[in-house]
Structures are given as C-alpha cells and as structure tokens.
Amino acid sequence: MRYTTKHIAFFYALKLIELLYLCGMLEDKNQDRTSLSELGEFGLINHLTKHFKIAHTSTVKAVGDDAAVLDASEKQTLITTDLLVEGVHFDLSYMPLKHLGYKAVMVNLSDVYAMNGTAEQITVSIAVSNRFPLEAIEELYAGIQLACQTYNIDLIGGDTTSSTTGMLISVTAIGKADKEDVVYRNGAKETDLIVVSGDLGAAYLGLQVLEREKQVFKVDPNNQPDLDNYTYLIERQLKPEARKDVSGLLKELDIKPTSMIDISDGLSSEIMHICSQSKVGCKLYEEKFPLDPQVISTAEEFNMDSTMIALSGGEDYELLFTVPIADFESIKTNPNFSIIGHITAENQGLNLVTRANQEIELKAQGWNALKES
C-alpha cells in the first residue's frame, strides 16, 4: 500500500507524540497501557502470535513447542539472520512500530531472494525495555503479520526477553531452492553484465528527510512538515519491499544469474563483495545508474551527489546480479532491470566510469555495522 501525501504528513506530525504516549514518557489518563509483566513471556508470545496462519506444508509445527518442526525436502535450505538495534538501525522518533516490524522481515527475506530462493518461514526474537507496553508490541507484530501475509511466510517461533536500553529485533528467515537454482556471490565471470533491479538511493535520501524533519520538530513541535516532494523516498526508507519477483522475472527470460547479492549496505560495497568472492574486477558506468526523479531533485536540495548516494546509500533492498553477456538482448529491454556495467579481469581493479569518461577507483563507503559512531 502506498500512502498519500496527506497521510504521511499528518502521521509524521503526530508520530513522536504518539510514541511518547505509547512508551509512557507522556501521561494520558484516557489511554490504557498494559504492562508486559502482566502477561509473562509465554502469555506475551501466545497473545502476539495467535492470529498468524500457516501457509506452507513444510511447516509441521510452528509456535507453541520447544522447537519448530519443518518437513525435510529434496531442495536445499537457505537460512539468514539479521539483528536490528534501536539507536543503531532505527529511530523510533520517526519509524512507526508497524513499519519497523514489516521492515525487519523485509531485511531478511531480501537475503533469501538474493540467493534465488523462495522464503517460507521466519522466527522473530525481541528484547524490549519496560517503557514499551503491550500496545506498542502489538503494533510491531501487526507489521510482522502484514509482511507474512503479503509474502506468504509462516512465523514459526522466536523469543522475547527484557532489555535495559531499548528495543532489539532479531529475525531469521528460512527458504528453499533447487540445488541447480541457488545463486552465490562467487560465480561472476569476465565479460558478464552487471545488472540491478529497480532504482537506487531513495531509501538513503528518505532517511535524510526524516532526520531533518526530526530536528525541525524538536525546535517547533507544532510545525507541520511539508512532505509532498518526498513521498517515494520516505516510503522506501520506512516500508521497503523485498524483490520476491526477480527470480520469476529472470526465469521468464530464461536467465540464471552467475552471481547475486541484495543492496543493503550500498552498491559499491555489494559489487565489491561479488568481485572479491569471484576474483574479478568490474566497471560501473555512472550514466547507467537508475535514479528516481525524487532522488535527483532531493539530492540537489541537500547539495549531495546523486551518484555517491546511489553508490553508498544502502537500504534499497534491490538485487544486484551478473549475467552472461549472451543474455544482453533478453535483459536490455526489460523495464525491471538496468545494465550498469560489466565484469573485468581481477587485475583491472574495480572502477567507476564517470559521465566525463574518467575512471575512478571504487571504494566501499556504505553502511558498516561495526563502525564506531
């Protein structure tokens, strides 16, 4: 669902106040807050998961026992885990809890789709401080449930515990793929085309807009943000979508990628992973980068280079992959994909070819989860 500009502007203006009430930082005598301690751990799990439905025959037992039970199959199993920490990966002053739950699932599904697989199950573990009442956690799980319904995923387990510092979310996704369909990062070959789905940089600029409006809100809580020009950027940051469709699109074109990765940490970082593991070099062409008009206009407004945003922004959750040059005719006219470069010999290095036809060495400037702030 895409939100209208009025929805986004109105919601954002009230978001911080709503979160403060939910988390008990402001007093509202008319609003009931249910302490998590009233339910206990198992009561909380039962309460949050009672409306989740099972969609896959491979899920024999989901939530409710010591362990989930999955039916073994001839396919290979794909497993991936991501950890999201408040204050590091998300800011609740502008990230709605429902959106956060949805995004936490997308982050993991994207990794399964980057292996050319089909996601089927997830586990969700959370740690929360006592500032979060039941109603806040219900919002979080409403987003998780929406993601499960939208992407046909079974919630099969997880854990809940307390935190002294805020909120932490850990999601594990489980998927399947036929052995011959699995795509790794280490298969790129010289002359392969470098291809990306969708467009780049919008999520990062959406974050910049939200951070700017947060500072404005601190100065004047009555200020109504004008977000007409940023709706796509904000949606890409707050409610990204994993590219479940790419595998099917490529099969329709009779194309199997030689390597693939999702763009979570920035284009430059991701192509470096592929090149490092495949022992190859690359050339990316600046003029070929797919940029939404809102990215171009907002980059100019923030006095930022749109190419650097595309290279280093991250959180696009598009798929970056390589295909044999023989597939050029099949893929060049598909509106879902952009050919942005090609693979070279390892000794040629990793380079960006600018619009002025100058070659610049690529550097990883995207997200670093272990970098000290």
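What share of the contacts in the protein with a separation of 6 or more comes from residues 24 or more positions apart? The share is 86%, with contact taken as heavy atoms within 4.5 Å. This is a predicted model, so local features are reported only at pLDDT of at least 70 and side-chain atom pairs only at pLDDT 80 or more, while totals for chains, interfaces and linings use all residues. Residues are numbered from 1 along each chain as its sequence is written, and side-chain values use heavy atoms, with hydrogens and water left out.

On confidence, the average pLDDT (the predictor's confidence in each residue, from 0 to 100) is 85 for the protein, and 80% of the residues score at least 70. Where pLDDT is low, the predicted coordinates should not be read in detail.

As for the overall build, the protein has 11 helices and 13 strands. These are DSSP runs numbered from the N terminus, with helices being H or I over at least four residues and strands being E over at least two. Of the 373 residues, 52% count as buried; buried means under 20% relative accessible area, exposed means over 50%, and partly exposed is in between, with a 1.4 Å probe and protein chains only.

Seven strands make up an open sheet with mixed pairing, in the order β8-β10-β7-β11-β9-β12-β13. Its edge strands, β8 (259–262) and β13 (359–361), each pair on one side only. From one strand to the next, the twist averages 25°. Strands of a sheet pair through backbone hydrogen bonds, either parallel or antiparallel; here, two strands count as paired if DSSP finds at least two bridges between them.

Strand β9 (residues 281–285) pairs on both sides. With β11 (residues 337–344), β9 runs antiparallel over 4 bridges, and Leu284 has Gly341 of β11 as its bridge partner. With β12 (residues 350–353), β9 runs parallel, again over 4 bridges, and here Tyr285 stands opposite Val353. Strand β9 is also mostly covered, with 4 of its 5 residues buried.

Lying across this sheet is helix α8 (residues 267–278), which spans β7 (193–197), β8, β9, β10, β11 and β12 and runs at about 150° to β8. For that angle, axes are lines fitted to C-alpha atoms, for helices over the stretch in contact, and angles run from 0 to 180 degrees between N-to-C directions. In the loop between α8 and β9 sits Lys279, which has a positive phi of about 55° although it is not a glycine. Lys279 counts as exposed, at 58% relative accessibility. Another such case is Asn152, with phi near 60°, in the loop between α4 (134–151) and β5 (154–162). Asn152 is partly exposed, with a relative accessible area of 37%. For background, most residues other than glycine have a negative phi.

Helix α3 (residues 97–113) has 17 residues and reaches 25 Å from its first C-alpha to its last, close to the 24 Å expected; the expected span is 1.5 Å times one less than the number of residues. Of those 17 residues, 15 are buried, so α3 is mostly covered. In helix α5 (residues 202–219) is Glu211, which is partly exposed at a relative accessible area of 28%. Leaving aside neighbours within four places in sequence, Glu211 is in contact with Asp91 and Tyr94. Glu211 and Tyr94 are 117 residues apart along the chain, yet their C-alpha atoms are separated by 8.3 Å.

Finally, the cysteines. A search of the whole structure finds 0 disulfides, a disulfide being a pair of cysteine sulfur atoms within 2.5 Å. For Cys275, the closest cysteine sulfur is that of Cys282, at 3.9 Å, which is too far for a bond. Cys275 is buried, with a relative accessible area of 2%. Cys148 is buried as well, at 4%.
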